[in-house]
Amino acid sequence: MVDPFKAPKFEVPEEMRDFANKSVEQAKRAFDSFMGATQEAAANLKGSAETMQRNAADATHQVVGYAEQNVKAAFEHAQALVKAKGFDEVMALQTEYLRNQMAAMQDQVKAMGKVVQDAAKPK
């Protein structure tokens with residue numbers, strides 16, 4: 001007599017176990033590969049963010065330096081103008097100041113362009 005409470009014995013064929021095992025191993029390899037790529041992407045993103053922060057800090061430092069340089073030149077120019085003896089001297093001082101500031105501005109723009117180019121280069 002068959003016991004109704006006893007489950008029938010069911011055996012999984014060896015081929016099905018092998019197939020299932022290979023499927024699980026393949027899925028694990030795919031997951032490991034995905035996780036490796038994800039971790040690499042996260043590391044690259046972190047490196048890019050750190051580089052961007054460093055470049056921004058460098059650019060900010062440079063801009064502040066230029067501003068300080070330009071304000072200092074303006075104060076020196078104002079002091080020279082106050083000491084001028086006549087209109088001709090004022091015009092000569094003004095011409096020299098403008099020439100110097102235009103040269104300084106060109107140098108500053110070139111230097112900032114280099115900072116931007118360097119920041120845009122892939123590392």
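Partly exposed here means a relative accessible area between the cut-offs for buried, under 20%, and exposed, over 50%. Keep that scale in mind for the close-ups below, which all come from a predicted model.

**View 1. Asp32 and Lys28 pair up along helix α1.** The side chains of these two residues meet in a salt bridge, with 2.9 Å from N to O. Both sit in helix α1, 4 residues apart, or about one turn of the helix. Asp32 has a relative accessible area of 40%, so this residue counts as partly exposed. As a general point, side chains of opposite charge can pair when their charged atoms come close. Searching the whole structure turns up 2 salt bridges, and the next view shows Glu50 with Lys46.

View 2. About one helical turn separates Glu50 from Lys46, because they are 4 residues apart in helix α1. How exposed are Glu50 and Lys46, going by relative accessible area? Glu50 comes in at 37%, so it is partly exposed, whereas Lys46 reaches 55% and is therefore exposed.

**View 3. Helices α1 and α2 run alongside each other.** Their axes come within 11 Å and cross at roughly 180°. An angle over 145 degrees counts as roughly antiparallel, and α1 and α2 are therefore roughly antiparallel to each other. On the α1 side, the residues making the contact include Asn55, Ala59, Gln62, Val63 and Tyr66, and also Asn70, Ala73 and His77. Helix α2 brings residues including Val90, Leu93, Tyr97, Gln101, Gln108, Met112 and Val115. Two spots in this contact, around Gln101 and Val115, get their own views below.

View 4. Gln101 belongs to helix α2, which covers residues 87-120. Is Gln101 buried or exposed? Its relative accessibility is 17%, so Gln101 counts as buried. Leaving aside neighbours within four places in sequence, Gln101 is in contact with Asn70 and Ala73. Asn70 lies in helix α1, residues 14-82, and is partly exposed, at 26% relative accessible area. Along the chain, Asn70 and Gln101 are 31 residues apart, yet 7.7 Å separates their C-alpha atoms. With sequence neighbours within four places again set aside, Asn70 touches Gln108 as well as Gln101.

**View 5. Val115 of α2 reaches across to Ala59 and Gln62.** Val115 is part of helix α2. Which residues does Val115 contact, once neighbours within four places in sequence are left aside? They are Ala59 and Gln62, and both belong to the α1 side of the helix contact.

**View 6. A nonpolar patch sits on the surface.** Met102, Met105 and Val109 form this patch.

Technical notes: Residues are numbered from 1 along each chain as its sequence is written. This is a predicted model: local features need pLDDT of at least 70, side-chain atom pairs count only at pLDDT 80 or more; totals for chains, interfaces and linings use all residues. Side-chain values use heavy atoms; hydrogens and water are left out. Buried means under 20% relative accessible area, exposed over 50%, partly exposed in between (1.4 Å probe, protein chains only). Contact means heavy atoms within 4.5 Å. Patches are made of residues with over 30% relative accessible area and no salt bridge: like charges are joined within 9 Å, nonpolar side chains (Val, Leu, Ile, Met, Phe, Trp, Tyr) within 5 Å. Accessible areas come from the Shrake-Rupley method with a 1.4 Å probe; for residues, only the protein chains shown count as cover. A salt bridge is a side-chain nitrogen of Lys or Arg within 4 Å of a carboxyl oxygen of Asp or Glu. Axes are lines fitted to C-alpha atoms, for helices over the stretch in contact, and angles run from 0 to 180 degrees between N-to-C directions. Angles under 35 degrees count as roughly parallel, over 145 as roughly antiparallel, 65 to 115 as roughly perpendicular and the rest as oblique.
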